[in-house]
Amino acid sequence: MVRITFNRQLCKGCGLCAEFCPRGIITRGEEFNAQGFLSFSAVPGGRCTGCGACALMCPEVAIEIIHPEETRGLAV
Ligand code: SF4
Ligand code: SF4
C-alpha cells in the first residue's frame, strides 16, 4: 500500500496539494503549525493512488510518497 507523509512544519497552507489531488482526499487541518499556518494532510485510509500530483505541486516539498517497492528496497 502507498504511504504518504506530510511535513506539517514545512506546510504553508497554500492548498495546492488539495486542489490537484484527483481523489479529493487532502484536507486542511484545524491546528496551526509553528509557522502559524493551518497545514494540510491526507485523510487516513483515503485511498491514495500514489499518483504524486500533490508532491509535485507542493512548493515547500512537504509531501513524501513511499511506494511499497521502496519500502522493500527494490526501487531503482
Ligand atoms: S499521491 Fe495522488 S491520490 Fe495520493 S494524495 Fe497525492 S494527489 Fe492524492
Ligand atoms: S501544497 Fe504543500 S505547502 Fe501547500 S498546502 Fe499542500 S502540503 Fe502545504
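Strands S2 and S3 pair in the antiparallel sense, over 4 bridges. Pairing here requires that DSSP finds at least two bridges between the two strands. Helices (H or I, at least four residues) and strands (E, at least two) are DSSP runs, numbered from the N terminus. Across the pair, Arg 28 stands opposite Phe 40 in S3.

A word on the source: this is a predicted model, in which local features need pLDDT of at least 70 and side-chain atom pairs count only at pLDDT 80 or more, while totals for chains, interfaces and linings use all residues. Residues are numbered from 1 along each chain as its sequence is written, and chains are lettered from A and ligands numbered from 1 in the order in which they are written.

Back to the hairpin. S2 and S3 have 5 residues between them, and Gly 36 takes a positive phi near 90° there. Is Gly 36 buried or exposed? Gly 36 counts as exposed because it has 8 C-beta neighbours inside 10 Å. The cut-offs, with C-beta atoms placed from the backbone, are 20 or more other C-beta atoms within 10 Å for buried, 12 or fewer for exposed, and partly exposed in between. Gly 36 and Lys 12 are 24 residues apart in sequence, with 8.4 Å from C-alpha to C-alpha.

There is also a positive phi in a residue other than glycine: Val 61, near 50°. Val 61 lies in the loop between helix H2 (53–57) and strand S4 (63–66). With 9 C-beta neighbours inside 10 Å, Val 61 counts as exposed too.

Next, the ligands. A residue is near a ligand if its C-beta atom, placed from the backbone, lies within 6 Å of it. Ligand 1 has 15 residues around it, and Cys 21, Cys 48, Cys 51, Ala 53 and Cys 54 come nearest. By class, that shell has 11 nonpolar, 3 polar and 1 charged residues. The classes are Ala, Val, Leu, Ile, Met, Phe, Trp, Tyr, Cys and Pro as nonpolar, Asp, Glu, Lys and Arg as charged, and the others, Gly among them, as polar.

Ligand 2 also has 15 residues around it, and the nearest are Cys 11, Cys 14, Cys 17, Phe 40 and Cys 58. Its shell divides into 10 nonpolar, 3 polar and 2 charged residues. Which elements supply at least two residues each of the shell around ligand 2? They are helix H1 (16–20) and strand S3 (38–42).

The largest nonpolar core has 11 residues, including Cys 21, Ile 26, Phe 40 and Cys 54. A core is a set of buried Ala, Val, Leu, Ile, Met, Phe, Trp, Tyr and Cys residues joined through C-beta atoms within 7 Å. Contact means that two C-beta atoms, placed from the backbone, lie within 7 Å. Leaving aside neighbours within four places in sequence, Cys 21 is in contact with Ile 26, Ala 53 and Cys 54.

In strand S4 we find Ile 65, which is partly exposed, with 19 other C-beta atoms within 10 Å. Not counting residues up to four places away, Ile 65 touches Val 2, Ile 4, Gly 50, Gly 52 and Ala 55.

Last, the chain as a whole. It has 3 helices and 4 strands, in the pattern β-α-β-β-α-β-α along the sequence. Buried residues make up 17% of its 76 residues.
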